[in-house]
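Biologist: I'm new to this one, and I'd like to learn how to read it. Could you walk me through it, a feature at a time?

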Amino acid sequence: MDSTALLVASTLNAGTVLAIAALGLLINEKAGIVNLGAEGMMLCAAIAGFATVVHTGNSWLGFAAGMAAGALLAAGFGVLVIWLNTNQYATGLALSLFGAGFSAFAGINYVREKLPEQASYSIPVLKDLPFFGPALFRQHPMVYVAMALTGGLIWFLYRTRAGLVLRCVGESPESAHALGYPVRRIRLAAVVAGGALCGLAGAYVSVVYTPLWVEGMIAGKGWIALALTTFGTWRPARVLLGAYLFGGVTMLQFHLQGLGVDVPSQFLTMLPYLSTIVVLVLISRNPLWIRVNMPSSIGKPFYPDA
C-alpha cells in the first residue's frame, strides 16, 4: 500500500474516535451543559465494550455495551448537575477520575485477554481504485458512521424543530421554560445522548482502534475531544474536520518514524497535544468567533423557580 494512502487511512481511523466523542460533547454543550468527564466515560466504555466482545465475539454488541456504559455514567452526571445543581466542572472532573479508577479495577482480569479475529471490511469495486481504494474504501463501518452522524447532527440542529428547541435551551433556558418546554428533561436527554456517543468512541478504541485492554488506554483522547468542540466553534462539520486534523497529527508521528526521520520520539508523541494548545490559542485571539457560536448559558445552572 502506498505510504500516503496508508497515512490517509490511519488518519480517518484515528480521527473517528475523536469525532464521535466530540459530537457527543457538542450535543451536551448545545444544551448548555459542559461535561469534563469524557475521559472517564470513554475508559469505562472501553472496558465494557472489550469485555463484551471477549465473551460474545460480536463487536457490535461491544459497541452497544460501550454506549450503554457511557449513557449510564452521563445520566448520573446529568442528575447531579441538572437536578441537584452541583458545579458542572467539578462534577465532570470527578466523573473523569472515577472512570479512570473504576475501569482500571474492572479491567484487571482482561489485561492479557485477546479479542477473536474480526472481519475485514471494504466497499466492493471502490476498494480496488488506485490510492482512493486503500485510503478511503477499506475502512471499518464506524468510520462512515462518524461521517453520517455529522450530517445527521447538522440536519437535526438546524433543520428540525427539536434541534431548534435544544439550541434554545442552550441559549436561553429561562425563555424556553417560559414557553413551556421542560428544560431539565431536555438537558438530561442531551447529556445521555452525548454520553452514549462518548461511550461508542471508547468502545471503538478497545475493539477496533487498538484491539486490547490496557489501563488508561484512552490516553487523553477525551480531553482532545472536549477541546475540539471549541476548535470547531460548536459546528459539527468543523468538529469533524478538526478530528481528522488531530488524527492526522497523531498518525504522522508513526509515519515519520517509519520513514526513518530523525526526530526525537518524545517530540512526536507530544505533537497532538501541542497542536491542540496552539489551535485553541489561535481561536482565542478572535473573541467574536466564540461569542457568536458558543451557547450563552453553557456551564451555568438553571433555576426554574427563580
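Modeller: Helices are DSSP runs of H or I with at least four residues, strands are runs of E with at least two, and both are numbered from the N terminus. Keep in mind that this is a predicted model, where local features need pLDDT of at least 70 and side-chain atom pairs count only at pLDDT 80 or more, while totals for chains, interfaces and linings use all residues. Residues are numbered from 1 along each chain as its sequence is written, and side-chain values use heavy atoms, with hydrogens and water left out.

Biologist: Back up for me. How many helices and strands are in the chain?

Modeller: The chain has 13 helices and 0 strands.

Biologist: How do I read who touches whom?

Modeller: Contact means heavy atoms within 4.5 Å. Among the contacts in the chain with a separation of 6 or more, 78% are between residues 24 or more positions apart.

Biologist: Show me one residue. What is Thr-229 in contact with, leaving aside neighbours within four places in sequence?

Modeller: Thr-229 meets Ala-22, Leu-25, Leu-26, Glu-29, Trp-234 and Val-239, with those neighbours left aside. Thr-229 lies in H10, residues 221–231, and is buried at 0% relative accessibility. Its side chain also reaches the backbone oxygen of Leu-226 at 2.7 Å.

Biologist: Is Thr-11 buried or exposed?

Modeller: Thr-11 is buried, at 13% relative accessibility. You'll find Thr-11 in helix H1, residues 3–30, and beyond its neighbours within four places in sequence it contacts Tyr-244, Gly-247, Gly-248 and Met-251.

Biologist: What about glycines?

Modeller: Take Gly-195, in helix H9, residues 183–209. Gly-195 is buried at 0% relative accessibility, and its contacts, neighbours within four places aside, are Met-41, Gly-70, Ala-71 and Ala-74. Gly-195 and Gly-24 are 171 residues apart in sequence, yet 6.4 Å apart in space, C-alpha to C-alpha. Now look at Gly-107, in the loop between H4 and H5. Gly-107 is also buried at 0%, and it touches Ile-47 and Trp-213, not counting residues up to four places away in sequence.

Biologist: Which loop holds Asn-85?

Modeller: Asn-85 sits in the loop between helix H3 (59–83) and helix H4 (88–106). Asn-85 is partly exposed at 22% relative accessibility, and its phi is positive, about 55°, although it is not a glycine. Val-125, another non-glycine residue, has a positive phi near 70°. Val-125 lies in the loop between H4 and helix H5 (132–136) and counts as exposed at 66%.

Biologist: Last one: what does the outside look like?

Modeller: Accessible areas come from the Shrake-Rupley method with a 1.4 Å probe, and for residues only the protein chains shown count as cover. The accessible surface of the chain comes to about 14200 Å², with 68% belonging to carbon and sulfur atoms. Leu-282, in helix H12 (residues 265–284), is partly exposed, with a relative accessible area of 48%.

How values were computed: Buried < 20%, exposed > 50% of the residue type's maximum accessible area, 1.4 Å probe, protein only. Polar contact = N/O pair within 3.5 Å; in protein donor to acceptor, adjacent residues only side chain to side chain.
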